[in-house]
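Thanks for coming, everyone. Please look at the screen while I bring up the sequence and the model.

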Amino acid sequence: MNSLQSRIHDDAARAAAQVSPADVPPLRLPPGRRGMGRRPATRAANAAARGAGWPRRNRSWLVPLAAAVSVVAVIAAVATAGRAGSGGRSRPAASATGHPGRTPSAAATGQAQAMLATEAVNSFFPATGAQYTDGLAYNWTQLKISARIFGSCMTRAGYPQPPFTEPEQSYQRSFADNAQFPDLAQRAATDSMTGLNYIRQTPVAPHTAAGHKAIRTCNAAAAKPFREISKIAGPLSNQWDDKFTAIQASATVLATQPSFAHCLEDHGIPASYAQHHWTRSTGLFAGFFAWMDTISQQATSTRQQAREEHRWTPVFVHCAGPTVHLVQTLQLSQRARFFQQHAQQIATIRTLAAALPAAGR
């Protein structure tokens, strides 16, 4: 576990200590990918599960483990899954006039809801790193909506909660999936593999019977807007997970591994790391992650670790490029066919996402 994960773990432990077992319902997560998992697991959780045979620190280079998020998510009935790699798409203004407090125009609202529908589809069915990052915007919106509902409900019950203040771009940069959907534009823009540290404020967890009842009631209210979309999208996204996993394990894609290893060696990574063999557990870029794990363990300070990331991230972007391009081309083609086969369900997912109460986004 590197220093980033250690900080997340320590803060999560402090937050968790304030929550009794009676406060914790089954974890309900917005859609991620199975690299994050079959619903309701997150990509981060499943990346941890898949990497069980690795040294624990390796997994930090794949998907930052967000224990603190899950603690908050349990309370708010939401958690994270993962864009805007280099900054994200610009969103429609909240008001057509630009004046605060005025009602958004129908056009601006419609544009925002259409964008949310696309983000939802990309969250459940990404084919590229950019789409995966775009899908994180849907997860962020779901988290924000749920936090707002939960907070209002708990305030009415007499237990005010901290406001949701996480910026969307910060959230998107916190949950990179470098193993299955590497967003190379994001990596190049941030010059980092691990993204930001995502830790929300500690929720107010009442330790009374009335408080526990309020949490259960408010959890249910916060989860309600997403029930139908998850019911449809969850099982369908599991089918998509199987398809992109098969692509990434195909002979065509695996044939790129020697070139990737040679590129790493050309940039100074020892062959013993660069030629790390692919498995379903380690993924396509295992050699690079094995090297970065070693570098992480040898770093004596957070600053040194950051310097190493800045040094080696461009190497990953360069060497992984041909493999990523091939994988994304195959996955985009497969996704187009998948969407044709499930056109009615995809249309329903878009409709349900566009109808979410995203005002104030």
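**The disulfides**

The link of Cys153 and Cys218 is left-handed, with -80° about the S-S bond. Cys153 sits in helix H6 (residues 129–156) and Cys218 in helix H9 (residues 209–223), so this pair ties together parts that are 65 residues apart in sequence. Their sulfur atoms are 2.0 Å apart. A disulfide here is a pair of cysteine sulfur atoms within 2.5 Å. Helices are DSSP runs of H or I, at least four residues, numbered from the N terminus.

A word on the source. This is a predicted model: local features need pLDDT of at least 70, side-chain atom pairs count only at pLDDT 80 or more, and totals for chains, interfaces and linings use all residues. Residues are numbered from 1 along each chain as its sequence is written, and side-chain values use heavy atoms, with hydrogens and water left out.

How many disulfides does the structure hold? Two. The other one joins Cys263 and Cys319, with sulfur atoms 2.1 Å apart. This pair links distant parts of the chain, 56 residues apart: Cys263 is in helix H12 (residues 257–266), Cys319 in helix H15 (residues 302–341). The Cys263 and Cys319 link is left-handed, at -75° about the S-S bond.

Buried or exposed? Cys153 and Cys218 are both buried. Buried means under 20% relative accessible area, exposed over 50%, partly exposed in between (1.4 Å probe, protein chains only). Cys263 counts as buried because its relative accessibility is 13%. Cys319 is buried too, at 4%.

Number the bonded cysteines in sequence order, and the pairing reads 1-2, 3-4.

Terms used. Helix = DSSP H or I, 4+ residues; strand = E, 2+ residues; numbered from the N terminus.
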